[in-house]
Amino acid sequence: MDARPGSNEDLDEILSPEAVRDPYTYLGRLREQHPVHWNARYRSWVITSHADVSAAMSDARFSSDRIAPVIERERAKAEPKHDLIETLELLNGWLVFRDQPEHTRFRRLVHKAFSPRILSAMRPEVERIADELLQEAGAKARSEGTIDLIEEVAYPLPAIVIASMLGVPPEDRVLFKNWSDDISALIFGALEDPGRHARAQSGMSELVAYIKAHLARVRDEPGDDLASSLVQSRSGEDALTEPELVAICVNLLFGGHETTTNLIGNSILALIQHPEQAAMLREDPGLIDQAVEELLRYDGPAKAVVRIAGEDIEIGGQRIKQGDRVFLMLSSANHDPRVFEDPEKLDFNRGRSPHIAFGIGIHYCLGAILARLEATTVIPRILTRFPDIALADEELEWNEVILTRGLKRLPVRLHSD
Ligand code: HEM
């Protein structure tokens with residue numbers, strides 16, 4: 001163990017079964033006792049107060065560029081895995097891993113393409129996709145009783161929406177699901193499993209080839225979609241390069257998928273567990289925007305973001321050394337009693353909320369408007385179409401990861417008869 005000032009081994013179990021099931025009690029203890037904590041087990045700092053997390057996210061001394069060092073380490077090995085390096089190089093091009101000043105230029109061009117026109121044009125499409133999925137889920141629940149709401153609705157909705165937004169023809173969307181499952185195994189799974197590694201690698205190559213061909217198609221015949229808009233985006237003489245276009249398309253396909261799935265899953269669970277808030281929302285549908293903000297605060301999908309200290313930095317009396325990894329715990333910041341009265345209570349009448357579920361500063365989530373559109377569309381539809389929705393199993397399994405908060409499955413019954 002690597003003890004330092006700020007260490008306390010009792011508080012290191014960030015992924016204990018209790019902390020995975022209920023991160024808020026564990027994070028609350030950390031925030032009270034060691035708000036800037038050196039976790040010797042994960043060799044990282046864990047920062048938990050709203051003030052410190054917000055300040056660090058707006059501080060350019062904390063870098064988001066954490067893939068380049070992994071590439072360097074892999075290259076330095078006696079037998080480097082070249083296909084792994086290739087994939088990591090693609091990840092390295094993601095907006096979320098870039099620092100200023102590169103990030104500013106890249107984001108400006110991407111932001112122009114994410115125009116309000118493209119987003120508002122998506123509303124009827126999101127409604128149509130949600131209705132279709134809910135109709136299928138309802139029919140399946142009629143014949144089978146229990147269904148997994150993640151598998152039937154929360155997982156496919158954001159995947160179909162982003163593929164449709166990028167202009168991918170409906171018949172090709174199933175390819176995206178397969179590639180995305182394969183590549184997730186590489187990003188989040190066990191690299192040492194050679195079968196999985198090879199599958200992920202070929203998934204990534206096929207996805208990149210597909211995206212390149214799609215970009216070439218929309219260059220020749222631009223449409224109203226986001227891929228056409230990205231290809232055409234200009235800032236003066238500047239435009240996105242081919243590798244940047246490929247990287248941002250993959251980033252959009254992945255960046256927005258798991259998070260939105262988890263927002264829908266966590267929100268429906270919270271509504272089932274708080275029937276009085278669900279009833280309030282059914283009675284007053286105008287509350288939906290406020291309700292989604294509170295659901296993002298109460299059990300948001302991004303538990304933490306990662307930074308690397310670019311130099312020695314002092315926070316809360318602790319000295320973070322250059323090169324140290326830092327977890328900025330958004331979930332803890334969103335339950336900080338110095339900012340939110342009665343933070344463990346789900347309350348749709350909370351009013352304006354300074355939650356940071358979408359981050360803060362230069363990396364503020366680019367897909368926040370889209371994620372809100374999806375959540376405000378599908379949540380009220382689930383509540384009104386299935387007023388008797390109930391948990392089919394009280395034993396819930398959560399993903400055991402530090403960065404995100406989401407259920408493996410959400411088994412529900414949709415009909416009372
Ligand atoms: C509820 C759903 C979502 C949540 C909670 C969420 C959360 C976040 C957070 C916390 C960040 C900041 C990361 C950091 O500072 O290191 C971020 C960045 C980002 N998000 Fe989201 N996100 C969601 C949905 C989406 C969607 C739907 C998309 C796109 C279709 C998207 C695309 C991005 C991108 C491209 C960035 C990087 C922005 C940059 O670095 O400038 N996100 N997101």
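Visitor: How many disulfides does a search of the whole structure find?

Guide: A disulfide is a covalent bond between the sulfur atoms of two cysteines. The cut-off used here is a pair of cysteine sulfur atoms within 2.5 Å. The whole-structure search finds 0 disulfides. Cys249 is in none, and its nearest cysteine sulfur, that of Cys365, is 16 Å away. This is a predicted model, in which local features need pLDDT of at least 70 and side-chain atom pairs count only at pLDDT 80 or more, while totals for chains, interfaces and linings use all residues. Residues are numbered from 1 along each chain as its sequence is written, and side-chain values use heavy atoms, with hydrogens and water left out.

Visitor: Is Cys249 buried or exposed?

Guide: Buried means under 20% relative accessible area, exposed over 50%, and partly exposed in between, with a 1.4 Å probe and protein chains only. Cys249 is buried, at a relative accessible area of 3%. Cys365 is partly exposed, at 27%.

Visitor: Which protein donor does the iron atom of the ligand have?

Guide: Donors are N, O and S atoms within 2.8 Å of the metal (3.2 Å for Na, K and Ca); water is not among the atoms, so sites may look incomplete. The iron has a single donor from the protein, Cys365 (SG), 2.3 Å away. Cys365 lies in the loop between helix 17 (330–333) and helix 18 (368–385). Helices (H or I, at least four residues) and strands (E, at least two) are DSSP runs, numbered from the N terminus.

Visitor: In what order do the 5 strands of the open sheet stand?

Guide: Strands of a sheet pair through backbone hydrogen bonds, either parallel or antiparallel. Two strands count as paired if DSSP finds at least two bridges between them. Here the order is 1-2-10-7-3, with mixed pairing. Strand 1 (36–39) and strand 3 (62–63) are the edges, each pairing on one side only.

Visitor: How many bridges join strand 10 to strand 2, and how many join strand 7 to strand 10?

Guide: Strand 2 (residues 44–47) and strand 10 (residues 325–329) run parallel, joined by 4 bridges. Val46 has Phe327 as its bridge partner, and Ile47 has Leu328. Strand 7 and strand 10 run antiparallel, with 5 bridges; Ile308 stands opposite Arg325.

Visitor: Which helix lies across strand 10?

Guide: Axes are lines fitted to C-alpha atoms, for helices over the stretch in contact (heavy atoms within 4.5 Å). Angles run from 0 to 180 degrees between N-to-C directions. Helix 3 (residues 50–57) lies across strands 1, 2, 3, 7 and 10, at about 125° to strand 10.

Visitor: Which residues touch the most other members of the largest nonpolar core?

Guide: In soluble globular proteins, nonpolar side chains tend to be buried together. A nonpolar core is a set of buried Ala, Val, Leu, Ile, Met, Phe, Trp, Tyr and Cys residues joined through side-chain atoms within 4.5 Å. The largest has 101 residues, of which Leu166, Leu230, Ile268 and Leu410 touch the most other members. Its largest share, 10 residues, comes from helix 7 (residues 116–144). Apart from this core lies another, of 19 residues, including Ile47 and Leu328. Beyond four places in sequence, the contacts of Leu230 include Leu166 and Cys249.
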